[in-house]
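These are my notebook entries on one structure. I looked up the surroundings of its ligand and then one of its helices.

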Amino acid sequence: MTTRTTTSAAALSPLHRPGPDAEWWRTAVIYQVYPRSFADADGDGTGDLPGITARLPHLAALGVDAIWLSPFYRSPQADAGYDVADYRDVDPLFGTLDDADHLVREAHALGLRVIIDLVPNHTSDQHAWFRAALDAGPGSPERARYLFREGLGEHGEEPPNNWSSIFGGNAWTRVRDRADAPGSTWADDGQWYLHLFDSAQPDLNWDNPEVHAEFESVLRFWLDRGVDGFRVDVAHGLVKAAGLPDWSGHVRMVDGETEPADGDGAGGAADDAPSDGPAGTGAAADPTAAADPTAADDPAPGANRGPMFDQEGVHDIYRRWHEVLAEYDGDRALVAEAWVDPLSRLARYVRPDEMHQAFNFAFLVTPWDAARLRACVAESYAAYDAVGAPTTWVLSNHDVVRHASRLGLAETGKGPNGIGAEDTQPDAALGLRRARAASTLMLALPGSAYLYQGEELGLPEHTALDDDLRQDPAWPRTGFTEKGRDGCRVPLPWSADEPAYGFSPTGRSWLPQPADWAPYAVDAQTGVAGSTLELYREALRLRAELGLGASAVRWAEGWAESPDVVAFVSSAADRADVLVVTAVGDTTVTLPEGHEVLLASGPLEARDGGTVLPADTTVWLRRG
Ligand code: GLC
């Protein structure tokens, strides 16, 4: 039973009011396409651009405003395309440049904007610049495009500093230790190069003007071809602290949470840092805490301040890129992938003359807990409103366990880096129920929302992949302790009764799909009342019709401090208020009378003449 709680007046003041600006990206729902796993047209088992183009009508019918494509550039695929060998060409695995142009045209014809992924922190080790750098040797201008250094120790046999790779292991590789060194002109070369990720992803030197010029040219190359924006990979990593000082912290992907440092470096989490990111800053978020988001030195514990991340210099780069995009028509946009906390610090990336959006990973990592969810929502609006940028919302992407599985784990929150067959398995039914509730809550919030392909099907993580099939470099680099991200990257099911569920015409699939995925297929859910696909379609239709993306929002009276209910009122101009109520956890809610049910993430119950919202369910209501 629900206990009604008192609500203070302060809690009911508006959390957010829309500003006067109406660029498309302020309210857009943006769908992430992971090209290798979306749809395969040529039958080789890997998704491709023609496959995506052929399936665009699914996305138009879903009701999203834009797509973001993960990398499709020429790449040896050491990190699934986040290792780019040529930023101006399409990898033959995915098609041709003509296919990319065709995709953009077709998307635009359907009213969908197209954002592409830009990877400026590092290139592939097969990029022409890196090959030239290896060949040209120490001290050359070619090496000055990357971060080559002499080693420490008498013979330079120790890496230049103590940084570790985000994928595990050392962040430095010695040139002579590369597998391709024997027989090369650099076989005896003792220098080391930095790679924050895999050794096949050397970090660029953003102190070099040539690097700046090259990426401005790459931006223009794709802007000229009509793309609507860029998702900027590891946007907080490009500039490193001068001298590359030692730092013993270890950064985890996506949330920017740092494990406690040894205390010998230039940053790291304080010992009292919240254990799971900014949402942990307390249930009663103080909206004024983010009042000065432009403060350069934010002492908040948990802030990610290692010498390789979130350095002041990155902002100059985005100011320049902002100018480049502004030369083009159509409100082109930049979105930051930056694991920076707290949110007030992340908001510095979206000040008026920098990027346009930043992924709100604080929301993704927030545990399924009413007070924590409210704190994150309040903190998000406070931080982004202070700089005039839209808040974004996201629950899944290609780097984390899918939220339909994450929310079925005993500990919700960021979740592990992959789940294997021998690990404790998520509760699939509970996870899906919560995922539907979480997504229905998210899609009612003003701002811009990101969806990850397959979440509209309620797709779970593949949690029983054969270890031999894993491709994420994190799996070997962590000494086979972290399963990695393959489980969220399994090809989509389109047709319940076809081989590979219709992913490819030949039935091939680069990762095997679980045997019980037929009910998740698009054709098995289309037109089926209560299916996850129809829930998302209806949510997106109503979100547009009711103007929820651009509404004002306040906590709902009676529930603003509830331990198990998140409830808010969304007020869009010239429309009736919408009351959104989520029962979080083991509780039920008797819904107020006199309201029309617009949407519910699961069946409601009739009881004693009233309507009851079951546990882990979200409802949208309008006063009748
Ligand atoms: C980003 C991408 C991730 C990739 C990493 C290195 O975090 O989302 O998939 O592995 O950057 O490029």
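**Entry 1: the ligand**

I found an oxygen atom of the ligand 2.9 Å from an N or O atom in the side chain of R485, which falls under a polar contact (a pair of N or O atoms within 3.5 Å). The protein covers 100% of the 310 Å² of accessible area that the ligand has on its own, by the Shrake-Rupley method with a 1.4 Å probe. The model is predicted: local features need pLDDT of at least 70, side-chain atom pairs count only at pLDDT 80 or more, and totals for chains, interfaces and linings use all residues. Residues are numbered from 1 along each chain as its sequence is written, and side-chain values use heavy atoms, with hydrogens and water left out.

I noted two further side chains with an N or O atom by a ligand oxygen: D233 at 2.8 Å and H122 at 2.9 Å. In total, 16 residues surround the ligand, each with a heavy atom within 4 Å of it. D79, R231, D233, E337 and D399 are the closest. I recorded 6 nonpolar, 3 polar and 7 charged residues in this shell.

**Entry 2: helix α5**

I then turned to α5, which spans residues 209–224 and has 16 residues. From first C-alpha to last, α5 reaches 23 Å, close to the 22 Å expected at 1.5 Å a residue. At its start, a side-chain oxygen of N208 comes to within 2.9 Å of the backbone nitrogen of E210. Among the buried residues (under 20% relative accessible area) of α5 I listed V211, F215, V218 and W222. Just after α5, G226 has a positive phi of about 100°.

How values were computed:
A polar contact is a pair of N or O atoms within 3.5 Å; within protein, one must be able to donate a hydrogen and the other to accept it, and residues adjacent in sequence count only if both atoms are side-chain atoms. Ala, Val, Leu, Ile, Met, Phe, Trp, Tyr, Cys and Pro count as nonpolar, Asp, Glu, Lys and Arg as charged, and the others, Gly among them, as polar. Helices (H or I, at least four residues) and strands (E, at least two) are DSSP runs, numbered from the N terminus. The expected span of a helix is 1.5 Å times one less than its number of residues. Buried means under 20% relative accessible area, exposed over 50%, partly exposed in between (1.4 Å probe, protein chains only).
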